[in-house]
Amino acid sequence: MKSLRYILIVLITVISMTACEDLVVENLNDPDFDTAFSNPNDIKGVTGGLLNRWFQINQEYDGPGLALWTASDAGTCSWGNVGMRDFGNEPRKEFDNKPSYSNAVITEDYYNTLYSILSQSNDVLAQTINNGVEMEDGTTDMVNAMAYFMQGLTLGYLGLIYDQAFIITHETDLTVEIPASPYQDVLAAAIASLDKSIALSNSASFTIPSDWLPGEAWTSAEFAQLANSYAARFLVYGARNKSEDNATDWGKVYNYAKNGIQKDFAPLADDITWYSLYQTYSVYGGWGQVDMYVINLMDPNMPATFPTSGLFTDLPNDGMATSVDARLETDFEYLSSCPFRAERGYYHFSSYRYARLDTYLETWTEPMPIFYKAENDYFIAEAAAHNGNLTEAAAVLNASARVLRGNLPEVAADANKIYEAIHYERMVELMLSGMGVQFFEMRKEDLLQSGTILHFPIPGSQLDVMQMDYYTFGAGTGVAGEDYSNGGWNK
């Protein structure tokens, strides 16, 4: 594959705020750039829109979220929209990475938009850090903390989703060739940026403006906690298999998570500029449903795959599960029929949909949870268990939503029971919160069905633009256990 040199395909300026169509890397040594982007109000204005842009592409209908949801067997859908059926097909198929693929948008737009947001984050830091531009209203620390945070989020999700990416920051020398870096290095760069955001937030005093982040206010101390939690998320979910999971630096995970969020990260929807189509189409009537794999976790008497007969009468109690977990009643809704097309496979069928987000469907102006405090709790518990402190791990789980919402019995200080409980909670309590959470969990535990891709390749359209060789993954293409699953819960 060729290296990257000056991918100056589209230049994002202060005026151009829309997602671009090509990978963006700006030449920050261009004197015209310094002139156009030197006004502090312009710099602050761009910074204020970064989090919204990232949220919207992460929660977009035609982003990777819905496809990864079905690939993880957390959700199911036989409709062909945005890769949901393709990624839920059994057996799994090779991913079509050609620009002509009908659902190429799910990986191409996501990749391009992340780079567009990264580019704007770099624009801000190039002026404030490199050139010393100060905000006239004394908010330079807040601007820099947000820009570093967004630099970290964009690099982090490139590292979670793709096998490789180009690490571009405001410190990158664009006069030399920039090779694509493996996801491990991309994630490390993301965490380095988050560390800078954490340091700035902890040393400053500010409150994130509501037009930057609507809903509950986030102080500088709380913003530092949010960056800590994302650093923990990237460390834990970056593993492509169980071997990499075991090799995770659990000491670092523990430190980040212990300094993590104490409340849910859930921007408030306004149904205009803040909304979540990922959380809409996964639960809206007639669209996505909860995979039977999850229902089986809650009620082991229920099969983890819908009967090949396609008959609800071949399920215990016509598919109506029972569970000691109170969340089966509060968060899930039984359905006595399934709208999916039978000829596409009864394995797509389910007798449940997710109901926890129904209030959002009614008003469209509810908080949209993308990082529950419970998720951070599970990072602490998992890290404590890996570090040998089973008593603390059990105590954290027993003080979490697992008991508080689920009314489940307390977990014993036993490693296997603790890991089993954490997996259960990520599939049940964290359902449809952070985009990709269930996929990342199944991936690191070697539970994705055999042949499922473990990450996307660089999108085919970008391979064409950069004159790189075509490649893809899935169903035997790539390296087994590194690019596609050779394990699987149903193996």
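## The nonpolar core

The largest nonpolar core of this predicted model has 154 residues. A nonpolar core here is a set of buried Ala, Val, Leu, Ile, Met, Phe, Trp, Tyr and Cys residues joined through side-chain atoms within 4.5 Å. Buried means under 20% relative accessible area, exposed means over 50%, and partly exposed lies in between (1.4 Å probe, protein chains only). The residues with the most contacts inside the core are L51, W54, F149, Y230, F234 and F332. Helix α6, residues 140-161, gives the most to this core, with 14 residues. In soluble globular proteins, nonpolar side chains tend to be buried together.

Which residues does F234 touch, leaving aside its neighbours within four places in sequence? They are G152, L153, G156, Y157, L160, L187, A190, I191 and L194. Contact means heavy atoms within 4.5 Å.

## How to read the model

Residues are numbered from 1 along each chain as its sequence is written, and side-chain values use heavy atoms, with hydrogens and water left out. Because this is a predicted model, local features need pLDDT of at least 70 and side-chain atom pairs count only at pLDDT 80 or more, while totals for chains, interfaces and linings use all residues.

Helices (H or I, at least four residues) and strands (E, at least two) are DSSP runs, numbered from the N terminus.

Let us start with helix α10 (residues 250-258) and helix α15 (residues 373-386), whose axes come within 8 Å and cross at roughly 145°. Axes are lines fitted to C-alpha atoms, for helices over the stretch in contact, and angles run from 0 to 180 degrees between N-to-C directions. The crossing of α10 and α15 is left-handed. A crossing is left-handed if the near helix is turned anticlockwise from the far one by less than a right angle, and right-handed if clockwise. On the α10 side, the contact is made by W250, V253, Y254, A257 and K258; on the α15 side, by N376, F379, I380, E382, A383, A384 and H386. Sorted by class, this contact has eight nonpolar, two polar and two charged residues. For this sorting, Ala, Val, Leu, Ile, Met, Phe, Trp, Tyr, Cys and Pro count as nonpolar, Asp, Glu, Lys and Arg as charged, and the others, Gly among them, as polar.

Now look at helix α16, residues 390-398. The axes of α16 and α18 come within 10 Å and cross at roughly 35°, again in a left-handed crossing. Here L390, A393, A394 and L397 of α16 meet A415, I418, A421 and I422 of α18. The classes in this contact are eight nonpolar, no polar and no charged residues. Which residues of α16 are buried? They are E392, A393, A394, V396, L397 and N398, and their cover includes α10, α15, α17 (401-404) and α18 (415-428).

## Cysteines without a partner

How many disulfides does the structure hold? The count is zero, where a disulfide is a pair of cysteine sulfur atoms within 2.5 Å. For C77, the nearest cysteine sulfur is that of C338, 8.7 Å away. C77 is buried, with a relative accessible area of 1%, and C338 also counts as buried, at 14%.

Most residues other than glycine have a negative phi, and most peptide bonds are trans. With that in mind, find the peptide bond from E90 to P91, which is cis, with omega near 0°. P91 lies in the loop between α4 (84-88) and α5 (105-130).

Next, visit the loop between α12 (292-298) and α13 (327-331), where N317 is found. N317 has a positive phi of about 55° although it is not a glycine, and D318 has a positive phi of about 55° too. N317 counts as exposed at 54% relative accessibility, whereas D318 is partly exposed at 38%.

G460 sits in helix α20 and is buried at 2% relative accessibility. G460 and E108 are 352 residues apart in sequence and 7.9 Å apart in space, C-alpha to C-alpha. Not counting residues up to four places away in sequence, G460 touches N97 and P99.

D483 lies in the segment after α20 (460-465). Is D483 buried or exposed? D483 is buried, with a relative accessible area of 11%. Leaving aside neighbours within four places in sequence, D483 is in contact with T452, I453, L454, H455, F473 and G478.
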